[in-house]
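Hi there,

Here is the structure I promised to pass on. Have a look at it first, and my notes follow below.

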Amino acid sequence: AMNATPSFQSICCVGAGYVGGPTAAVIAFQNPQIRVTVVDKDPSRIRKWMSKHPPIHEPGLRDVLRVARDGTRATTVSTDQGPDSIVSLPERLPNLFFSTDVEKCISEADLIFLSVNTPTKLSGIGAGAATDLFAVELATQTIAEAARPGAVIVEKSTVPCRTAKRIRDILDLYRPGVSFEILSNPEFLAEGTAIKDLLNPDRILIGSSQTSEGLAAAQALKNVYATWVDPAKILTVNIWSSELTKLAANAMLAQRISSINSISAVCERTGANVDEVARCIGLDSRLGSKFLKAGLGFGGSCFKKDILSLIYLSRSLGLDEVGDYWQQVITMNEFQRSRFVSRVVCDLNGTLVGKKVAILGYAFKKNTSDTRESPAIDVVKQLLADRPAEVAIFDPRCNPSDIKEELQRLFAATGLQLLKPDGPIEVYNNPYDACNNASATLILTEWDQFRYPALRRTESVFETARSERAQAKSLSPHGGLSPHGGLVRTMSELD
Ligand code: NAD
């Protein structure tokens with residue numbers, strides 16, 4: 001017998017973060033008939049989502065919110081094609097809501113996205129590290145207690161392979177005898193291009209159990225996406241494949257960055273130029289040209305965490321060799337950072353004592369204000385070990401007080417005096433003051449405003465640091481001479 005495909009009327013997304021917020025917003029934007037509510041236990045985050053200033057910076061996000069969250073008035077548009085071309089656009093009622101009432105919103109939904117954080121467990125780093133599923137488990141418990149029987153639960157968070165089994169066990173424990181379908185639907189958006197990625201994804205992946213109920217639930221979720229995504233790009237697979245694909249995809253993206261960075265180290269010692277090598281490698285159609293930019297290595301909240309999770313998973317399956325293999329991707333990333341800082345110190349005559357080092361860019365990549373696992377944090381940490389007089393930081397999107405707060409939190413255990421006037425770190429509101437009198441300027445995020453023309457305008461500001469910079473030649477990590485002599489140019493890779 002054919003199973004009728006359910007059709008969802010009410011979606012609840014648990015977790016209003018970098019993934020949950022934009023994903024729910026785009027689903028609501030594209031499905032005006034579905035009511036979408038995003039819930040979070042953090043009231044300040046929800047307040048920001050309801051305000052004019054959403055808690056995250058993503059190009060296009062405000063436009064999507066303006067339509068789905070705020071609704072639109074009926075308008076009449078006339079083109080210049082004569083009276084027949086008058087088009088009335090209907091009023092659109094808001095269908096995207098934000099709330100802190102997690103249980104109530106879960107109880108009203110027939111489709112529930114789990115988009116909570118899945119960080120690395122603090123113990124055991126080094127041998128790979130387990131994913132901390134605390135937030136997933138707690139949210140699942142709430143779902144078990146509050147959800148309507150038959151609601152479909154979707155893993156949107158990145159989770160280790162076989163987490164769906166754990167979710168199933170929790171549901172059975174807290175709500176015995178009630179059936180819920182569990183799907184895996186990992187998110188492939190990249191921060192900084194989240195809205196673009198959501199509107200035009202390479203693929204949508206939906207994993208389900210292979211029972212008729214599982215397949216029907218997958219088809220119903222597919223229908224939600226098919227309102228704007230080409231159905232050929234929506235893949236339905238078994239649930240374990242779906243969970244593992246997300247970890248594997250991130251591990252392989254990070255691996256490419258470590259691979260080209262390993263080549264950059266060889267370039268530096270041989271006179272080869274890694275930009276040329278990368279361009280020539282990338283023309284091989286089997287390899288492609290993307291993600292081949294040498295730099296400070298990958299940052300962000302996902303790559304390292306997901307590789308650690310894959311390493312842990314491999315080792316727990318008795319596959320130590322597989323774990324060792326992926327461990328090298330992380331080792332290479334760390335080597336690249338320390339190699340870079342050693343070179344800065346070396347080019348400044350072996351010491352930072354008495355010198356000011358400027359850092360342009362603190363976010364982990366451009367077009368985001370997210371600083372989680374940013375390469376800049378590692379660089380600051382390693383610079384501090386050489387006791388510079390000042391580390392001057394500027395980022396176009398990160399709030400100076402947020403940067404200070406984060407650094408103080410991260411370095412709390414060291415007991416160091418961190419911030420001016422007692423310590424070396426100062427965070428500036430503009431790049432000119434940050435660079436003034438600096439012995440070296442390190443560009444750590446590839447923000448467009450740090451590209452040459454904008455920097456040329458700072459030339460006069462750099463004037464005072466010129467003699468020192470004359471010695472600090474060719475500081476880019478891939479051996480290219482920078483256009484400003486001592487100016488260190490480097491780009492961080494993407495998550
Ligand atoms: P985040 O920390 O920005 O957001 C998670 C939110 O969930 C937080 O606001 C938190 O308060 C909320 N939360 C946690 N437990 C809750 C509960 N029981 N009830 C209600 N709210 C709860 O995290 P994120 O960056 O959005 O990542 C979410 C997941 O998506 C992670 O698994 C991550 O690996 C994955 N992912 C992230 C990205 C990315 O670029 N950030 C990309 C793809 C996948």
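In which loop does proline 421 lie? Please keep in mind that this is a predicted model. Proline 421 sits in the loop that runs between helix H14 (400–410) and strand E13 (425–427). The peptide bond between lysine 420 and proline 421 is cis, with omega at about 5 degrees. For background, most peptide bonds are trans, and most residues other than glycine have a negative phi.

Phenylalanine 291 is not a glycine, yet its phi is positive, near 60 degrees. You will find phenylalanine 291 in the loop between helix H10 (274–282) and helix H11 (303–316). Its relative accessible area is 19%, and since the cut-off for buried is under 20%, phenylalanine 291 counts as buried. Glutamate 373 also has a positive phi, about 55 degrees, without being a glycine. Glutamate 373 belongs to the loop between strand E11 (356–360) and helix H13 (375–384), and with 45% relative accessibility it is partly exposed.

Now to the ligand. Around the ligand there are 25 residues, and Asp40, Arg45, Thr118, Glu191 and Lys305 come nearest. By class, this shell holds 9 charged, 8 polar and 8 nonpolar residues. Domain 1 (10–229) and domain 2 (255–489) both contribute residues to the shell, so the ligand lies between them.

Some atom-to-atom distances may be handy for you:

- Lysine 305 has a polar side-chain atom 2.6 Å from an oxygen atom of the ligand.
- Glutamate 191 places a side-chain N or O atom 2.7 Å from a nitrogen atom of the ligand.
- Lysine 41 has a backbone N or O atom 3.3 Å from a ligand nitrogen atom.

On its own the ligand would expose 840 Å², and the protein buries 93% of that.

One more proline is worth a look while you have the model open. Proline 201 is in the loop between helix H7 (194–199) and strand E9 (204–208), and it is buried, at 9% relative accessible area. Beyond its neighbours within four places in sequence, proline 201 contacts Val229 and Lys233.

Finally, the chain as a whole. It has 18 helices and 15 strands, and buried residues account for 52% of its 495 residues. Of the contacts between residues at least 6 apart in sequence, 77% join residues at least 24 apart. The accessible surface of the chain is about 22800 Å², with 53% of it belonging to carbon and sulfur atoms.

Best wishes

Note on methods
Residues are numbered from 1 along each chain as its sequence is written. This is a predicted model: local features need pLDDT of at least 70, side-chain atom pairs count only at pLDDT 80 or more; totals for chains, interfaces and linings use all residues. Side-chain values use heavy atoms; hydrogens and water are left out. A residue is near a molecule or strand if one of its heavy atoms lies within 4 Å of it. A polar contact is a pair of N or O atoms within 3.5 Å; within protein, one must be able to donate a hydrogen and the other to accept it, and residues adjacent in sequence count only if both atoms are side-chain atoms. Accessible areas come from the Shrake-Rupley method with a 1.4 Å probe; for residues, only the protein chains shown count as cover. Ala, Val, Leu, Ile, Met, Phe, Trp, Tyr, Cys and Pro count as nonpolar, Asp, Glu, Lys and Arg as charged, and the others, Gly among them, as polar. Domain bounds come from an automatic or database domain assignment. Helices (H or I, at least four residues) and strands (E, at least two) are DSSP runs, numbered from the N terminus. Buried means under 20% relative accessible area, exposed over 50%, partly exposed in between (1.4 Å probe, protein chains only). Contact means heavy atoms within 4.5 Å.
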